[in-house]
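Good morning, and thank you for joining this meeting.

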Amino acid sequence: MTANRTGTMVRMEALAKSFGTQRVLDGIDLDVGNGEVVVLIGASGSGKTTLLRCINQLEMPDHGRVFVNGNAMGRHHSDGRFGPLPLGQAKLRQAGIGMVFQRFNLFPHMTAAENIMLGPRLAKRMRPEAARAAALALLDSIGLGDRGDACPAQLSGGQQQRVAIARALAMQPHLMLFDEPTSALDPELVGDVLDIMRRLAQQGMTMVIVTHEMDFAREVADRVLFLDQGRIVEQGTAKDVFENPRQPRTRSFLQRVLRHAVAAPAGPELQVTGSAP
């Protein structure tokens, strides 16, 4: 697909991150346009998840600069060091960023609807009745309209991940981050989750996705980035990267993992009503 976008949603400049003596990100420069779908691929340990988590400050970079929707996501010191924002300011800026994890991270003592309602009620002071109505509408849009009162233990893994996506969408984010959202699912449960992500892409949601689903990446990505040893080794359109990779390391990786893309039919419109300011 080709995104209809103007401006930049995410900007990273010379981003670096180490864990002890291990350099995990090594001078990352990256712009993600409004409405763009960027997919990060690479071997385990290449820095994909750390890059993703640095966008919304779940990991704190050591050096460099990060901006989301024009706002600095940290304190950028003149010597290149990166520092955290005050907690209240950081929370405000994180509120416009939805994130979906490998593991669903739902609260087990809450129903599906209550999990979705929690963010809007706490962060936006939404009245319980309005929050529940919005949660049920989201559940209906992902094919789980009859499961609002089910607890996570009563849902399959694929259903739990769909609820996790709905929970992120309930905050009306302007950016969605996905960290291997299907890696914990049985193969037969993957399709429903990927279908929701396809529909978000079709609706123009800005997304940065870490995935091992190469067929899906080839189908939805405006741009694919191949990471190796904490660096962006190659990037381009999905067609260019998958069909004509320039770097030997990219070719070697794709020879091991690439499968032919299979298109999936579009589903009903998801209930995303706007973006957070």
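Does Phe-253 count as buried or exposed? At 5% relative accessibility, Phe-253 counts as buried, because the cut-off for that class is under 20%. Please bear in mind throughout that this is a predicted model.

Let me turn to the partner of that residue. A search of the whole structure finds one aromatic pair. Phe-226 and Phe-253 form this pair, with 5.2 Å from centre to centre and 40° between the planes, and the pair is classed as tilted. Phe-226 belongs to strand E11, residues 223–228, and Phe-253 to helix H9, residues 248–257, so the pair ties together parts that are 27 residues apart in sequence. Phe-226 has a relative accessibility of 0% and therefore counts as buried.

Side chains of opposite charge can pair when their charged atoms come close. How many salt bridges does a search of the whole structure find? The search finds 15, and I shall discuss some of them.

The side chain of Arg-223 meets that of Glu-36 in a salt bridge, at 2.9 Å from N to O. Glu-36 lies in the loop between E2 and strand E3 (37–41), whereas Arg-223 lies in strand E11, so this pair ties together parts that are 187 residues apart in sequence. Glu-36 is buried, with a relative accessible area of 5%, and Arg-223, at 15% relative accessibility, counts as buried too.

A further salt bridge joins Asp-31 to Arg-11, where the closest N and O atoms are 2.8 Å apart. Asp-31 is part of strand E2 (residues 22–33) and Arg-11 is part of strand E1 (residues 8–19), so the pair ties together parts that are 20 residues apart in sequence. As for accessibility, Asp-31 is partly exposed, with a relative accessible area of 33%. Arg-11 counts as partly exposed at 33% relative accessibility.

Arg-53 and Glu-59 provide another example, their side chains meeting in a salt bridge at 3.6 Å, N to O. Here Arg-53 is partly exposed, with a relative accessible area of 21%, whereas Glu-59 is buried, with a relative accessible area of 19%. The cut-off explains the assignment: buried means under 20% relative accessible area, so the value of 19% places Glu-59 in that class. Finally on this topic, Arg-23, Asp-26 and Arg-231 are linked in a network of salt bridges.

I now move to the helices. Which residues of helix H3 (residues 112–123) are buried? They are Ala-112, Ala-113, Asn-115, Ile-116, Met-117 and Pro-120. These buried residues of H3 pack against helix H4 (128–141) and helix H5 (157–169). After H3 comes Arg-125, whose phi is positive, near 55°.

Helix H5 has a further partner. H5 and helix H6 (residues 190–202) pack at an angle of about 25°, and their axes are 9 Å apart. That angle makes H5 roughly parallel to H6. On the H5 side, the residues in this contact are Gly-158, Gln-161, Arg-162, Ile-165 and Leu-169, and in H6 they meet Asp-192, Val-193, Ile-196 and Leu-200. The residues of this contact of H5 with H6 divide into five nonpolar, two polar and two charged.

That concludes my presentation, and I thank you for your attention.

Notes
Residues numbered from 1 in each chain as written. Predicted model: local features only at pLDDT ≥ 70, side-chain atom pairs only at ≥ 80, totals over all residues. Heavy atoms only, no water. Phe/Tyr/Trp six-rings, centres within 6.5 Å; stacked < 30°, edge-to-face > 60°. Helix = DSSP H or I, 4+ residues; strand = E, 2+ residues; numbered from the N terminus. Buried < 20%, exposed > 50% of the residue type's maximum accessible area, 1.4 Å probe, protein only. Salt bridge = Lys/Arg side-chain N within 4 Å of Asp/Glu carboxyl O. Contact = heavy atoms within 4.5 Å. Axes fitted to C-alpha atoms, helices over the stretch in contact; angles between N-to-C directions. Parallel < 35°, antiparallel > 145°, perpendicular 65-115°, else oblique. Nonpolar A, V, L, I, M, F, W, Y, C, P; charged D, E, K, R; others polar.
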